[in-house]
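This briefing is for a reader new to the structure. Please look over the sequence and the model shown here before reading the points that follow.

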Amino acid sequence: EEERAQLVTGPNTTARQLTTARSLNELIAPRWEDSKEETAIRFRGESTSYGDLEIMVAAMAGHLREAGVGAGDTVAVWLQRSPDLVATILAILRLGAAYVPIDPAQPAKRVERVLRDAEPLAVVSEEQTVPFEDCPVIRPSVLCDEPVGSIGDVGVSENDVAYIIYTSGSTGEPKGVVIEHDGIVNYVAWAAEQYVYSAGIDRPAMPFYSSPAVDLTLTSIFLPLVTGGTVVIYEAEDVNNDLSIVDVLKEDDVDILKLTPAHLSLLQSLGDKASRIRTLILGGENLTTAAAQSAISLFPTGVAIYNEYGPTETVVGCMIHRYDPTLDIASSVPIGRPIDNMRVYALDRHGMPVPSGVIGELFIAGTGVARGYHKRSELTDQSFVTLPSVGEVRAYRSGDLVRFS
């Protein structure tokens, strides 16, 4: 019983009210007033204030509503990284609709599969042709015209869908992960406490350099906006070979950088020392201790390195560990413990908790667990399960093997 409490109950005492906001809209709303003159976005050497971004979002929301977009609808966003992309996402959310991000670098066949599966009401895109005739196209240039009327509170709730991100999985066939507002709100509110407020970073700048269709990017967009910081957008010079991360590292113009362990080798190849970056958030791959150790030497003023683990099905990151070079001496940096309002279990093939040091499959429960896969009830039932042995009504079966250290 003592060991069970240590492995099942102990790590999962994470319940905490991070915010009273029910949606991303409510979480960002205070910034429209208290940060009106501050820079919300930097792009191509120009700055967009929170006040100007609010005008853009209001205009786009008005025109989207004129096009028939409303609460509960889905809109695909197929745009290059730009202020228009950020404003379009915020406008869709303001209407109570959900957005489906599409990577401009993806081949036309995959885009068609995503659009055919998502069946959005419309797609916002600069593309001249969209590989799915049943989906009307809205140009962002039209959305940026003068506002059409005013958009009041549409009453978005925590269980409404915020976005659907498509992953290929092991089959190669795109599958849409449906994320509700409470999941992304919990993650962003937690990240604000973890990476910004507790670190004493005032109005952080973060780079938006990665594909809009991966959930790593959600941190780079929403975390700065909810903390009054700045989204620094880097253009893709070549969508088929996007190495914008190199520009991010060379310019050293941001405070917090989220990247994959594979990017750390690029840090070392640059040679220059980074002085402004204070926090590295690593995710998406195994973080080796050697890679983390070598990265520290590139930051003469010091840097905090966090290993953040989380499948798309559990909203960006659900576990965290801060790298400690004196304690983390195994081959890989641990993935740590669950974040606020998330719970994790290592279970055997019978669904029972395994002892410390024994390999088990990782199951994840809590606020960040996705609603399921879009239009795939059978796959949803296979991946989102009940765990009677630990008292969980619903948990995500990750398929990853772990052990408690």
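**Ser220 and its surroundings**

The side chain of Ser220 comes within 3.2 Å of the backbone oxygen of Pro207. The model is a predicted one.

- Ser220 belongs to helix H8, which covers residues 216-226.
- With a relative accessible area of 0%, Ser220 is buried, because buried means under 20%.
- Apart from neighbours within four places in sequence, Ser220 is in contact with Met206, Pro207, Phe208, Val231 and Lys258.
- Helix H8 lies across strands S1, S9 and S10, and runs at about 145 degrees to S9.

**The four-strand sheet**

- This open sheet has the strand order S2-S1-S10-S9, and its pairing is mixed.
- Strand S2 (46-49) and strand S9 (205-208) each have a single partner strand, so they stand at the edges and one side of each has no neighbour in the sheet.
- From one strand to the next, the twist averages 20 degrees.
- S9 and strand S10 (residues 230-233) run parallel and are joined by four bridges.
- Met206 stands opposite Val231 in S10, and both Met206 and Val231 are among the contacts of Ser220.
- Helix H3 (residues 50-66) lies across S2 and strand S1 (39-43), at about 75 degrees to S2.

**The five-strand sheet**

- A further open sheet has five strands in the order S11-S12-S13-S14-S15, with mixed pairing.
- Its edges are strand S11 (256-259) and strand S15 (337-338); each has a single partner strand, so one side of each is left without a neighbour in the sheet.
- S11 pairs with strand S12 (residues 279-282) in the parallel sense, over four bridges.
- Ile256 has Thr279 in S12 as its bridge partner.

**Aromatic pairs**

- How many aromatic pairs does the count come to? The count comes to seven aromatic pairs.
- In one of them, the ring centres of Tyr99 and Tyr163 are 5.8 Å apart and the planes are at 40 degrees, so this pair is tilted.
- Tyr99 lies in strand S4 (residues 98-101) and Tyr163 in strand S7 (residues 161-167), so the pair ties together parts that are 64 residues apart in sequence.
- Tyr99 and Tyr163 are both buried.
- For Tyr373 and Phe384, the ring centres are 5.6 Å apart and the planes are at 65 degrees; the pair is edge-to-face because the angle is over 60 degrees.
- Tyr373 is in strand S18 (residues 372-373) and Phe384 is in strand S19 (residues 384-387), so this pair ties together parts that are eleven residues apart in sequence.
- Tyr373 and Phe384 are buried as well.
- One aromatic cluster is formed by Tyr187, Trp190, Tyr195 and Tyr306.

**Asp84**

- Asp84 is found in helix H4, residues 83-94.
- Is Asp84 buried or partly exposed? Its relative accessible area is 23%, so Asp84 is partly exposed: the value is not under the 20% that buried requires, nor over the 50% that exposed requires.
- From C-alpha to C-alpha, Asp84 and Lys109 are 25 Å apart in space, and they are 25 residues apart in sequence.

Key:
Residues are numbered from 1 along each chain as its sequence is written. This is a predicted model: local features need pLDDT of at least 70, side-chain atom pairs count only at pLDDT 80 or more; totals for chains, interfaces and linings use all residues. Side-chain values use heavy atoms; hydrogens and water are left out. Helices (H or I, at least four residues) and strands (E, at least two) are DSSP runs, numbered from the N terminus. Buried means under 20% relative accessible area, exposed over 50%, partly exposed in between (1.4 Å probe, protein chains only). A polar contact is a pair of N or O atoms within 3.5 Å; within protein, one must be able to donate a hydrogen and the other to accept it, and residues adjacent in sequence count only if both atoms are side-chain atoms. Contact means heavy atoms within 4.5 Å. Rings of Phe, Tyr and Trp (its six-membered ring) pair if their centres lie within 6.5 Å; planes under 30 degrees apart count as stacked, over 60 as edge-to-face and the rest as tilted. Two strands pair if DSSP finds at least two bridges between them. Axes are lines fitted to C-alpha atoms, for helices over the stretch in contact, and angles run from 0 to 180 degrees between N-to-C directions.
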